[in-house]
Amino acid sequence: MPEQDASDAKQFHEERPQQNVPFFLKGSGAYDWGMQHRLARIFRPESGRTVMLAIDHGYFQGPTTGLERVDLNVLPLVPLADALMITRGMLRSVVPPAVQPGIVVRASGGPSILKELSNERLAIDVADAARLGASAMAVQVFIGGEFETQTVENLTRLVDEGYRHGIPVLGVTAVGKQLARDARYLGLATRICAELGAQVVKTYYCEPGFEKVTAGCPVPVVMAGGKKLPELEALTMARRAIDAGAAGVDMGRNIFQSDAPAAMLRAVRAVVHDGISAADALEVYASGKG
């Protein structure tokens, strides 16, 4: 039998009420413990921000330039990111299970670049995302697209399943060629994703008015990197997005298509987490390029 603990010298600190520490992330205070824990794998508690590395492009456009060999080109970058956006096929086949960043699993797909991209369906069972230890699931929503209602339903179904398993959903606002990337449209798209339950929303940066987009969205907004830009332009965009209220960035081509991907990722991290200017971040990039 275990020895009885009969000490009278216990310290209960009755004069100090138990502290309930509020969760640090915008709009996330009412989630279950497991969902908050997963969000804290993506967003750093000390800054409330994230630098996500997106390498899921192959799910609709095949071996994208820079992602021909993920094992050789991307795995060395993974420790520098707060989270990795990836498909489950690439995760299982290439990424070592001991990686530390959060894992955001691409959960929608279907058409390739040869078809109508908005005709997406859910492409993963949430139980499989749980088996993978996913920190979040990403689903694309095409507001204004041909299959808008279908993609909105994808989001709502995934949110329901996500709550059952404690896995948050990242709503990605997709923009077709015919849709303007302005504050009015992006404000509409991000708000719809949040209203329908997405715990995080990813969208493009715009000028003017991005501060209105982030202020009008009740959950964290992460800036999408978009097409490859010159390094200073990409760093300037990241700086302006953070200053306008973004909770981080999710960059892909501006990282893995850079001449020095690791140096560029470090520069982006310095902008997002350390608050340095784009010009100073470019020096971080230049110093790491050699």
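The model is predicted, so local features need pLDDT of at least 70 and side-chain atom pairs count only at pLDDT 80 or more, while totals for chains, interfaces and linings use all residues. Residues are numbered from 1 along each chain as its sequence is written, and side-chain values use heavy atoms, with hydrogens and water left out.

**Exercise 1. The whole protein**

Task: find how many helices and strands the protein has, and work out why it counts as compact.

Solution: 
- Start with the elements. The protein has 12 helices and 10 strands; these are DSSP runs numbered from the N terminus, helices being H or I with at least four residues and strands E with at least two.
- Next, take the radius of gyration, which is 20 Å and close to the 19 Å that the globule rule gives for 290 residues, so the protein is as compact as a globular protein of that length. The radius is taken over C-alpha atoms, and the rule is 2.2 Å times the number of residues to the power 0.38.
- Then look at burial: 51% of the 290 residues count as buried. Buried means under 20% relative accessible area, exposed over 50%, and partly exposed in between (1.4 Å probe, protein chains only).
- Finish with contacts, meaning heavy atoms within 4.5 Å. Among those between residues at least 6 apart in sequence, 66% join residues at least 24 apart.

**Exercise 2. Helix H6**

Task: describe the span of helix H6, its buried residues and what covers them.

Solution: 
- First, the span. H6 covers residues 148–165, and its 18 residues reach 26 Å from first C-alpha to last, close to the 26 Å expected at 1.5 Å a residue. The expected span is 1.5 Å times one less than the number of residues.
- Second, the buried residues: they include Val152, Leu155, Leu158 and Val159.
- Third, the cover. Among the elements over these buried residues of H6 are helix H1 (33–42), strand E6 (136–141) and helix H7 (183–195).
- Last, the end of the helix: after H6 comes Gly166, with a positive phi near 75°.

**Exercise 3. Backbone angles**

Solution: 
- Recall the background: most residues other than glycine have a negative phi, and most peptide bonds are trans.
- Now the bond. Pro208 is in the loop between strand E8 (200–204) and helix H8 (210–215).
- Then the angle. His13 is in the segment before H1 and counts as partly exposed, at 40% relative accessibility.
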